[in-house]
Amino acid sequence: MLLWIAMAVLTAAASLAVLIPLGRPPRVVSAHAGAARSIYRDQLDELARDRERGLIGDAEADAARIEISRRLLNSEPGAAADAAAPRPAYRIERLVALVAIPVVAIGTYLYVGAPQLADRPAAGHQAQPAAEGSVDDLIGKVEAHLAANPEDGRGWEVLAPIYMRLGRFDDAVRALGNAKRLLGSTADRESLYGEALTRASGNVVTEDARAAFDRALKFDPADVRSRFFVAMSLGQAGRKDDAVAAWNALIASAPADAPWLAAAKAELAQFQPTATVTPAAPVSPVAPGPTAADVAAAADQSPAERQQMIEGMVAGLAGKLDADPLDTTGWERLFRAYMVLGKPDEAKAALARARAKLKERPDLLAVVEQAAHDIGIGKE
């Protein structure tokens, strides 16, 4: 029923659009016809510019252009005689228009439409795009948009967490760097950027990551993600007492159902296996830090096992670079990991291997040399 009411309203509107111009009395060309023609031409030019800038749709532009052109033709000198000449009565034209428009509209709908089918629920319309394209396709569309519009800071910010969930941490670092550059730093952007750097370095909190967490804490001293990884960095640096204090403070301020609480307790247990934890005071929920896989991996590890796990990840990265030495970002991550672990000799040895493997690629070697210099390994 609503469909037919809508069709009747639209039909009436279309009929009036035709009948009203037919009912207008003949126009007489005034003494200012020349000025009117100039105005109409200017209107056509302005309409063309608005159409090019996308300020008006194609249908609206065509309708406006036809109306302005008609007025321009009526303002021409030859139109004066036509306007002065008697015109036939409009009654027949009105009757034909009033009957023809509904008949043509309804006939066309019955021919090409499907009035016998029920409308699809709105939920079906909303769910259809997700079913038609995979996640990779959707990400590809966003990436194509950002390639054409690299200054879209919101687009980079939306894409970064998706990269994080997919494990594309280097891409997340790049996306968050662009978001910070275009939108400015906030506690959330800095802390997520620090986490992306940490994940990209094999869960080693690098100097750049620690700097990002420190910036986030300046914006929000209670930022949980930053406090979590700062405490982790203290443990990785061998500052046991500071790490214990940081973990205890974080755990004491956590709600009982915080998803990262088990991981924090597991980290603290590495330094105080028999420690008791003060009951948590309720606070507002915040974004979790480590994933469930990290919690499971760290739950039952001793400090020695934890150290062995980190060294194993670094060794895996080194082996990957031996097989694929063209990954300049990977070499930088390896250098930083060795420095964080307190193994500058290993970092220098890695730089020597990079020089040997990239001697035929001076362009890539220059990037690696600069990264090593920035980290503090130095030139040999």
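Tutor: Helices here are DSSP runs (H or I, at least four residues), numbered from the N terminus. Keep in mind that this is a predicted model, where local features need pLDDT of at least 70, side-chain atom pairs count only at pLDDT 80 or more, and totals for chains, interfaces and linings use all residues. Residues are numbered from 1 along each chain as its sequence is written, and side-chain values use heavy atoms, with hydrogens and water left out.

Student: How many residues of α12 are buried?

Tutor: Buried means under 20% relative accessible area, with a 1.4 Å probe and protein chains only (exposed is over 50%, partly exposed in between). In α12, 11 of the 13 residues are buried, so the helix is largely enclosed by the rest of the structure. Among them are Val224, Phe228, Met232 and Gln236. Just after α12, Gly238 takes a positive phi of about 85°.

Student: And Ser226, what is it in contact with beyond its sequence neighbours?

Tutor: Contact means heavy atoms within 4.5 Å. Leaving aside neighbours within four places in sequence, Ser226 touches Ser191, Phe213, Ala216 and Leu217. Ser226 has 0% relative accessibility, so it counts as buried.

Student: How do I describe two packed helices?

Tutor: Two packed helices are described by the angle between their axes and the distance between the axes. Axes are lines fitted to C-alpha atoms, for helices over the stretch in contact, and angles run from 0 to 180 degrees between N-to-C directions. Helix α11 (residues 207-219) packs on α12 (residues 224-236) at about 140°, with the axes 9 Å apart.

Student: What about α13 and α14, at what angle do they pack?

Tutor: Helix α13 (residues 240-252) and helix α14 (residues 261-271) pack at about 150°, with their axes 10 Å apart. They are therefore roughly antiparallel to each other. On the α13 side, the residues in contact include Val244, Trp247 and Ile251, while those of α14 include Leu261, Leu268 and Phe271.

Definitions and conventions:
Helices (H or I, at least four residues) and strands (E, at least two) are DSSP runs, numbered from the N terminus. Angles under 35 degrees count as roughly parallel, over 145 as roughly antiparallel, 65 to 115 as roughly perpendicular and the rest as oblique.
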